[in-house]
Amino acid sequence: MGGNSRKFKKAEKSKIKLKSSLKGAKLPKGTNVTKTNFKVRKIVIPDQIKQRNLTDANVLSSRSLTVKDCLAKLKHTNPTAKCEGLRGLREILAKLPTEVTDNHLSTAIKSIASISIDIERDVRRDCYKTLGLLFAAAGQENVLPFFDVLLSFLRCAMTHIQPRIQEDSLLLLDTFLQHLPQLVLLNRDKIFPQFLDMISKLRSESKPERTLTLSLNKQSTNTKWRTRVLMRLIGMLRILIDSKRGDGKVGPAKDEPMDTTGDESNPFTAKSTHIPATSLPLNNVFDYRAPLHFPLVRHRLYQPCPLTCLFRKSIGEGNLSLSDQIDEGRKLKTYVQMLMPLLFESWLEVRPTSGGGETAEHVLSHEAATTLGLLLEIAIQLWELVVIYGRETNNADMTRWFREQYAEHFCNHILKGFPFYQSPGAGAGKGRSTTDENKERNVDEKCYSQNFNICYFYCCLNENFRSDRSKNYDKVVNYVERCVNNWKFRSPEVSSLLLKVLRYMLLETDCVSINKNTRGLLKTLLEVYIQAKLPQDTRNRILILFCDIIVLNDRLWREYGQEIFTLWLRMLPNLLKKTVIDFNVLKALLCLAKQKNTIFLHSLEENVEDIVANVGKLKVVNEQFKNEGLVLLINLLFWISKREALEKLLQSDLVKAMKIDDDMKAYFRSTLRTRLVSL
């Protein structure tokens, strides 16, 4: 090594050294001048950058990205870039939604929906948020042409091989249910199969019956996963029920005129365009000297009526043919056959074992109570759909089939351990009291909602329950009567549910025969109404229930016994002496007067002077128009049959002293004079 180094140095020294001839030389004069004879090119700015700098700041995101830039980032392989593009789209939608919905709606929906099945969880969650804002800004009418694309990605997510993507497909379905309910309703047959495949599978290819499957992955139990799926099923069924009833968000498009009928049960009624009541002038003054004209001919009866309308009614928004109605019934029956066995099978998995004695059967865990509440709600929704279909087609075959198929199973599987309670330690954590934990989680230890739904569904499945003397009905009536006696519910939803059960048990259905248990329940409710201090809204609803029993079904009232309502009817005119009364209560009192209930009218005549003196102080709540409640009150006084009482009111100074409008005073006088003429 040392010898080689010496040889290298010797070779370097032997090389010829060249010296620069310019060292120390200077340029001649006149050659150091700067040359200016060069050509310059213009700086060209690309169109994309020029547009970004000149457009309004509202069209740009916080990072100065346009809509095209954000959509381009969605095609990037980096998850951070995708999230940045989605965040930019949400910012632009919040500032100027028309920029996206008018110019880039098609591209935006396809690009955003394509990453709804992305492998990254954060990208999927941001995608669902962005889709929700986009649907809210665009509306269902504009999204309709692209819903097939969205539906394909939803079905792909529901059947994805990755369990996490399958779980998040429920969030995508939530977005559709919230912002596109009508489109989900129209395409429900395409969503239901994949939806049910998430928790069940077909027993055989030739039958619609299904059986439960295991959990999606090991990180969540079977019960929790099925609970999450069944909660979305409740939302889908609720949209369907609201569309059938016509009282939900699902309805015709904004551009379509709303057709209303004078009488929905009359097939001869002609459709007419709805005119808002606010645009009609109100004239409450009645001239008793003017001639009265009563229409004797109804021109709409001359219109031809199809024979099918005499026996079958229309389904949904439009008039469906007979074959379409039959097809609608087959679909509904298929849904019931698929879901009801799944509900019973789900309950059999979580119900408590009966090995711990008779009382151990009543105590539920938190998961079992939650599952029971969901199953009952779905079963009641299916029953409501069956009842609505029977009402639309004027045919009760499906309701009878539903009762024959599932009444016995319901009594054997669910009613057997009724009433249910939750275990005291449901969900309690370490170092915290059970009561505080249950309050935070809103845990109903008494399972009121589940038990009331069981009572309601049992009465639905048994047509002649009021005259039933079985042990099952005794359990139901005794439980409801105990709850009425101890009416101290913290949640208004529970009180509303109990009132729903009472209304169905005491009034609805065609069962007229009454047994002693049902009559005792009515007496208990009447005593609680008179003696207990209930919230005013609850008292109003109970009062309306009693009035409906008397007015809507005279035979049922006589079966209960008129002596039960005597004291209550005498107390009703005292409501008109107070300072506040509900509009619906006033309508119920007017119905009693129109029916000429002698007990109520006699008490009204005894208190008429005090009532008239209180007219100016009485405030009617929940009225839609001004003086609407006052008109009802004056119409109520019209039914007084004592001539002396009416003449005394007209001659006294009570009318002049009333603190109401002059027009209403004139209407009051004309109404009493008309009544005097008719007596």
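Val501 sits in helix H21, which covers residues 492-506. This is a predicted model, and every value below is computed from it. Val501 has a relative accessible area of 0%, so the residue counts as buried.

Val484 belongs to helix H20, residues 471-485. Val484 is buried, because its relative accessible area is 0%. Leu502 is 18 residues from Val484 in sequence. From C-alpha to C-alpha, Val484 and Leu502 are 9.5 Å apart.

Next come the empty spaces inside the model. Rolling a probe the size of a water molecule over the atoms shows where empty space is left. How many cavities of 30 Å³ or more does the structure hold? There are five. The largest cavity has a volume of about 110 Å³. Which elements give two or more residues to the lining of the largest cavity? They are helix H13 (222-245), helix H15 (322-350) and helix H16 (366-393). Among the lining residues are Leu240, Lys244, Glu328, Lys331 and Leu332. Tyr335, Leu385, Ile388, Tyr389 and Glu392 also line the cavity, and so does Arg188. By class, this lining has six nonpolar residues and five charged ones. No polar residue takes part in the lining.

Charged side chains also pair up elsewhere. The count of salt bridges comes to 15. One of them joins the side chains of Lys82 and Asp118, with N and O 2.7 Å apart. This pair links distant parts of the chain, 36 residues apart. Lys82 lies in helix H4, residues 79-95. Asp118 lies in the loop between helix H6 (105-114) and helix H7 (121-138). Are these two residues buried or exposed? Both Lys82 and Asp118 are buried.

Arg400 and Asp397 form another salt bridge. Their closest N and O atoms are 2.4 Å apart. Both residues are in helix H17, residues 397-413. They are three residues apart there, so about one helical turn separates them. Arg400 counts as partly exposed because its relative accessibility is 42%. Asp397 is at 45%, so this residue counts as partly exposed as well.

Arg121 forms a salt bridge with Asp122. Here the closest N and O atoms are 4.0 Å apart. Arg121 has a relative accessibility of 44%, so it counts as partly exposed. Salt bridges can also join into a network. Arg124, Arg125 and Asp168 are linked in this way.

The backbone has some points to look at too. Which peptide bond is cis, with omega near -5°? It is the bond from Phe418 to Pro419. Pro419 lies in the loop between H17 and strand S6 (421-422). Helix H17 is also where Arg400 and Asp397 are placed.

Further along the chain, turn to Asn622. This residue has a positive phi of about 65°, although it is not a glycine. Asn622 is placed in the loop between strand S8 (619-621) and helix H29 (628-637). Is Asn622 buried or exposed? Its relative accessibility is 55%, so Asn622 counts as exposed. Asn627 is found in the loop between S8 and H29. Asn627 has a positive phi of about 65° and is not a glycine either.

Ile530, Leu567 and Met571 make a nonpolar surface patch. The area of this patch is about 240 Å². Met571 is found in helix H25, which covers residues 562-571.

How values were computed
Residues numbered from 1 in each chain as written. Predicted model: local features only at pLDDT ≥ 70, side-chain atom pairs only at ≥ 80, totals over all residues. Heavy atoms only, no water. Patch = residues over 30% accessible without salt bridge, like charges linked within 9 Å, V, L, I, M, F, W, Y side chains within 5 Å. Areas by Shrake-Rupley, 256 points an atom, 1.4 Å probe, with all protein chains shown as cover. Helix = DSSP H or I, 4+ residues; strand = E, 2+ residues; numbered from the N terminus. 1 Å grid on protein atoms, 1.4 Å probe; cavity = no way out; pocket = protein on both sides within 12 Å on 5 of 7 lines; lining within 4 Å. Points joined across faces, edges and corners; volume = space filled by probe spheres on them. Nonpolar A, V, L, I, M, F, W, Y, C, P; charged D, E, K, R; others polar. Buried < 20%, exposed > 50% of the residue type's maximum accessible area, 1.4 Å probe, protein only.
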